[in-house]
Amino acid sequence: KMASFSANPACAMALSIYNTLTRDLVPFKPLTPGEARMYVCGMTVYDLCHLGHARVMVAFDVVQRWLRASGLKVTYVRNITDIDDKIIARALENGESIRTLTDRMIAEMHADADALGIERPAAEPRAMDYVPQMLDLISRLQDKGLAYQSGNGDVNYAVRGFANYGALSGKSLDELRAGERVAVAGGKDDPLDFVLWKSAKPQEPAEAKWESPYGAGRPGWHIECSAMSCALLGEQFDIHGGGADLQFPHHENEIAQTEGVTGKPMAQVWMHNGFVRVDNEKMSKSLGNFFTIREVLKSFDAETVRFFIIRAHYRSALNYSDAHLRDAKGALKRLYTALASVPNLPAIDSDMSTPIDWAANDYTQAFKAAMDEDFGTPGAIAVLFDLAAHINKTGDVAFAQWLRRLGGVLGLLQTEPQQFLQGGQDEASSGGLDIEALIAERAAAKAAKNFARADEIRQELLAVGVVLKDSPTGTTWERA
């Protein structure tokens with residue numbers, strides 16, 4: 001029987017991760033041997049998730065999968081921000097409660113994540129459920145002289161009281177001091193200070209107000225993650241992750257808050273995935289250049305979207321375009337075509353308990369080496385294509401199973417090959433043409449010996465840049 005995704009404990013772990021804090025590749029040494037605890041900043045749930053959110057979810061889904069494949073017990077926490085200025089504004093705009101809005105958006109987020117094959121984290125804490133822990137942290141910061149209440153009722157963090165502020169982002173207080181030319185807002189002692197507790201405003205709904213020693217109000221964004229990570233993973237844990245846009249100020253402020261209380265390093269390793277870009281600008285809701293996951297999935301199947309994200313290294317910029325997604329679709333089809341070419345390929349084995357022997361062959365060793373160097377998915381996917389080339393030459397069933405198993409480590413190649421290759425209307429129905437339907441019509445024409453119509457269909461598709469390739473297992477297509 002084919003080996004599966006859990007790692008062989010006898011296979012020495014050699015994982016190295018790029019640590020944003022130290023700006024170098026460091027060997028991963030869990031605080032507790034055999035375990036890995038990871039916290040990732042999740043979504044602010046006031047709208048549908050866009051492709052930038054998909055990248056965060058997919059990137060750290062791959063991280064948790066590889067940590068498990070490396071023999072570690074993984075506790076993965078990804079929070080949900082369910083109280084925020086944007087959430088309050090959207091709920092008021094919609095005429096609905098904050099809870100109704102956030103429950104609905106969380107359900108939509110889960111639908112998108114499930115479609116992309118993203119395994120649920122061990123915990124998805126909601127900020128609203130951790131307000132007491134946030135108030136406790138604020139109180140402890142105040143006791144240490146790192147927090148103060150201003151005249152408007154807000155409680156702020158005194159940035160200059162924390163010696164290491166700026167270490168994560170590489171921004172020194174001197175560089176940030178330019179902000180001092182701006183009037184100090186909201187009674188802050190210093191423009192660099194940030195809010196820990198926001199005093200309630202009259203126009204805000206009652207459900208956005210909590211009682212506290214500082215008066216009615218609600219938590220600031222940064223304190224939410226400090227409280228949730230400490231509550232669920234402890235004051236120190238192994239990996240803290242999120243998008244590159246969170247490096248400053250969000251993660252910088254998390255460090256200041258948490259380490260300001262504990263005096264200990266918050267996370268062993270800080271990881272940040274790169275942006276998704278459209279026309280060389282970051283994809284974001286604020287810029288209005290975003291595509292929701294839901295919109296993209298109307299045109300491209302979910303596994304193609306996942307493959308598109310994974311084949312770029314998580315730290316690199318990911319350039320979005322329909323052309324790049326079509327290319328990803330064609331590349332993924334080549335892997336499935338290799339699987340489809342193998343006669344009598346066994347059904348996918350649902351037993352995931354048998355460890356992989358990473359020393360089994362050159363492909364497994366190369367795959368592991370790629371992933372052990374900062375989750376190097378481009379190198380790992382190159383190994384999948386090497387395997388596909390070997391299968392195309394030999395028709396070897398055992399290596400076809402390895403292709404599927406290694407693909408499964410990345411959450412790929414788990415659909416039956418013919419189902420993937422023949423399933424549904426293709427996203428690239430160019431010029432209003434349904435490519436898969438025309439391919440089916442052409443096959444029927446050939447079976448009926450209507451070769452004239454078969455040739456017409458080939459030429460019709462060629463005119464819109466679609467090249468058909470016939471093989472004993474069927475017909476596939478690619479862009480000219």
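Of the contacts in the protein with a separation of 6 or more, 74% are accounted for by residues 24 or more positions apart, a contact being defined by heavy atoms within 4.5 Å. The model is a predicted one, in which local features need pLDDT of at least 70 and side-chain atom pairs count only at pLDDT 80 or more, whereas totals for chains, interfaces and linings use all residues. Residues are numbered from 1 along each chain as its sequence is written, and side-chain values use heavy atoms, with hydrogens and water left out.

The secondary structure comes to 16 helices and 15 strands, where helices (H or I, at least four residues) and strands (E, at least two) are DSSP runs numbered from the N terminus. Of the 480 residues in the protein, 52% are buried; here buried means under 20% relative accessible area, exposed means over 50%, and partly exposed lies in between, with a 1.4 Å probe and protein chains only.

Helix α10, formed by residues 322–340, has 19 residues and reaches 26 Å from its first C-alpha to its last, which is close to the 27 Å expected at 1.5 Å a residue, the expected span being 1.5 Å times one less than the number of residues. Its buried residues are L325, A328, K329, G330, A331, L332, K333, L335, Y336, A338, L339 and A340. In general, an α-helix has 3.6 residues a turn, so residues three or four places apart point the same way.

Two packed helices are described by the angle between their axes and the distance between the axes. Axes are taken as lines fitted to C-alpha atoms, for helices over the stretch in contact, and angles run from 0 to 180 degrees between N-to-C directions. Helix α9 (residues 302–310) packs with α10 at an angle of about 105 degrees, the axes being 9 Å apart, and α9 and α10 are therefore roughly perpendicular to each other. On this scale, angles under 35 degrees count as roughly parallel, over 145 as roughly antiparallel, 65 to 115 as roughly perpendicular and the rest as oblique. The residues of α9 that take part are E303, T304, V305, F307 and F308, which meet H324, L325, A328, K329, A331, L332, L335 and Y336 in α10.

Helix α10 also packs with α13, at an angle of about 145 degrees and with the axes 10 Å apart. The crossing of α10 and α13 is left-handed, a term used if the near helix is turned anticlockwise from the far one by less than a right angle, with right-handed used if clockwise. At this crossing, L335, A338 and L339 in α10 meet A400, L403 and R404 in α13.

The C-alpha atom of V409 is separated by 9.6 Å from that of R68, although the two residues are 341 residues apart along the chain. R68 is found in helix α1 (residues 51–69) and, with 33% relative accessibility, counts as partly exposed. In helix α14 (residues 417–422), which holds Q422, this residue counts as exposed at 54% relative accessibility. The C-alpha atoms of Q422 and T476, which are 54 residues apart along the chain, are separated by 8.7 Å.

Backbone geometry was examined next. Most residues other than glycine have a negative phi, and most peptide bonds are trans. The peptide bond from F248 to P249 is cis, with omega near 5 degrees, and P249 lies in helix α7 (residues 247–262). A positive phi of about 60 degrees is found at N344, which is not a glycine; N344 is in the loop between α10 and α11 and is exposed, with a relative accessible area of 74%. L413, likewise not a glycine, has a positive phi of about 65 degrees. The position of L413 is in the loop between α13 and α14, where L413 counts as buried at 0% relative accessibility.

The structure holds zero disulfides, a disulfide being a pair of cysteine sulfur atoms within 2.5 Å. C225 is in no disulfide, and the nearest cysteine sulfur, that of C41, is 3.8 Å away. With 1% relative accessibility, C225 counts as buried.
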